[in-house]
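Visitor: Hi! I'm new to this one, could you walk me through it?
Guide: Happy to. Here it is.

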Amino acid sequence: MPETLFSHDPTFLANRHERTYMQMLFNFRGNMIPGHRLRPSDFLQSITLLRYPSILFPFWYYTWSWTFINVMPAISLASIYTHFYSLQPGPIGACLGTSLTIGSILGEFFAGRASDHVMFHMSQRNRNRNPNNKNDRKPEYRLYLCTLSAIFMPLGLIIFGATVGKYNFYVPLVGLGVGVFGLQIASTTLYAYTSDCYKPQTPESGTVFNLSRGLSFVVGYFALPFASEVGYFWAWFTFAAVLFSFFLPIVALMVWGEKWRKKLGEPSWNRDL
């Protein structure tokens with residue numbers, strides 16, 4: 001499709017002819033990049049990005065962030081709120097949607113602006129210290145804000161596990177909102193970080209993140225059975241501890257990420273797409 005088949009090669013750009021959108025949609029041969037043919041390996045290129053720590057570690061952290069903060073409430077709240085509060089499907093859906101929507105909106109309003117502010121502040125500080133430094137905007141600066149996600153997401157899980165069944169139905173929803181606020185911070189910073197690290201491969205890194213969302217279905221096999229064994233507080237506390245521990249590789253990227261990227265280099269494929 002025209003949105004994905006685009007080359008930045010100077011020769012290609014100089015010789016390309018403007019085409020109508022209908023031509024781009026239905027004349028597939030005209031969409032092809034000269035000299036590029038579709039190969040089976042093209043469908044696996046996104047997966048090969050996982051050999052780079054700057055992709056692998058955000059992928060791993062985001063997978064479990066999305067699993068515990070977004071998917072787990074979606075598949076467990078109906079059972080939990082029916083058991084403890086005898087609510088019907090309509091009110092349960094309203095509880096879930098309202099808490100997650102509020103948390104997402106607040107997180108998005110905060111994360112985008114704050115991430116840019118951190119990047120600008122750190123770059124300005126480096127420029128003041130060394131005016132000759134041309135590499136003053138390091139992608140790892142994005143990850144500093146991500147530290148808040150390692151606080152708000154586990155905190156939201158703990159609030160939910162500690163209050164569900166013990167307080168009014170709206171109190172655990174505060175925990176859901178707090179957790180998804182942290183999730184939105186993680187989403188914004190991690191997507192921006194991987195894009196800053198490997199700009200030509202931004203579409204492929206986005207595909208890897210979409211894969212992480214698909215893998216989150218596994219939580220349905222163990223969340224509620226585990227809670228029935230140890231109780232909701234200890235189950236959700238365990239999930240919070242696991243999620244926090246998965247942030248440690250992100251800390252490693254803050255310290256050694258630039259070094260690892262220079263050592264491994266950039267992906268050799270798809271440089272001009």
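Visitor: At what angle do α6 and α9 pack?
Guide: In this predicted model, α6 and α9 pack at about 40 degrees, and their axes are 7 Å apart.

Visitor: What does that make them to each other, α6 and α9?
Guide: They count as oblique, because the angle between α6 and α9 is about 40 degrees. The crossing of these two helices, α6 and α9, is right-handed.

Visitor: And which classes of residue are in the contact of α6 with α9?
Guide: There are 12 nonpolar residues, 10 polar ones and two charged ones in the contact of α6 with α9.

Visitor: OK, new pair. How do the axes of α5 and α6 cross?
Guide: The α5 and α6 axes come within 10 Å and cross at roughly 150 degrees. Angles over 145 degrees count as roughly antiparallel, so that is what α5 and α6 are to each other. Their crossing, α5 with α6, is right-handed.

Visitor: Which residues meet there, between α5 and α6?
Guide: From α5 you have Ile69, Pro73, Ala74, Leu77, Ala78, Tyr81 and Thr82, and they meet Ile92, Cys95, Leu96 and Leu100 of α6. By class, the contact of α5 with α6 has 10 nonpolar residues, one polar and no charged ones.

Visitor: Let's pick Tyr81. Is it buried or exposed?
Guide: Tyr81, which sits in helix α5, is buried, because its relative accessible area is 0%.

Visitor: What does Tyr81 touch?
Guide: Not counting residues up to four places away in sequence, Tyr81 touches Ser86, Leu87, Ile92, Cys95, Phe160, Val164, Phe169, Pro172 and Leu173.

Visitor: How far apart are Tyr81 and Val164?
Guide: In sequence, Tyr81 and Val164 are 83 residues apart; in space, they are 8.5 Å apart, C-alpha to C-alpha.

Visitor: And what about Ser76, buried or exposed?
Guide: Ser76 is in helix α5. Ser76 counts as buried, because its relative accessibility is 2%. Leaving aside neighbours within four places in sequence, Ser76 is in contact with Leu224 and Trp236.

Visitor: Switching to α8. What span should it have, and what are its ends actually doing?
Guide: Helix α8 covers residues 149-163, which is 15 residues. At 1.5 Å a residue α8 should span 21 Å, and its end C-alpha atoms are 21 Å apart, so the two agree.

Visitor: Which residues of α8 are buried?
Guide: Ser149, Ala150, Met153, Pro154, Gly156, Leu157, Phe160, Gly161 and Thr163 are buried in α8. The cover over the buried residues of α8 includes α5, α7 (141-146), α9 and α12 (232-245).

Visitor: What about Gly165, which follows α8?
Guide: Gly165 has a positive phi, near 80 degrees.

Visitor: Last stop, α10. What covers its buried residues?
Guide: The buried residues in α10 are Glu204, Ser205, Gly206, Val208, Phe209 and Ser212. What covers them includes α4 (45-48), α5 (53-85) and α9 (170-197).

Visitor: How do α9 and α10 pack?
Guide: α9 and α10 pack at about 145 degrees with axes 9 Å apart, and α9 passes α10 in a right-handed crossing. On the α9 side, Leu190, Tyr191, Thr194 and Ser195 meet Thr202, Ser205, Gly206, Phe209, Asn210 and Arg213 of α10. By class, the contact of α9 with α10 has three nonpolar, six polar and one charged residues.

Terms used:
Residues numbered from 1 in each chain as written. Predicted model: local features only at pLDDT ≥ 70, side-chain atom pairs only at ≥ 80, totals over all residues. Heavy atoms only, no water. Buried < 20%, exposed > 50% of the residue type's maximum accessible area, 1.4 Å probe, protein only. Helix = DSSP H or I, 4+ residues; strand = E, 2+ residues; numbered from the N terminus. Contact = heavy atoms within 4.5 Å. Axes fitted to C-alpha atoms, helices over the stretch in contact; angles between N-to-C directions. Parallel < 35°, antiparallel > 145°, perpendicular 65-115°, else oblique. Left-handed = near helix turned anticlockwise from the far one by under 90°. Nonpolar A, V, L, I, M, F, W, Y, C, P; charged D, E, K, R; others polar. Expected span 1.5 Å × (residues − 1).
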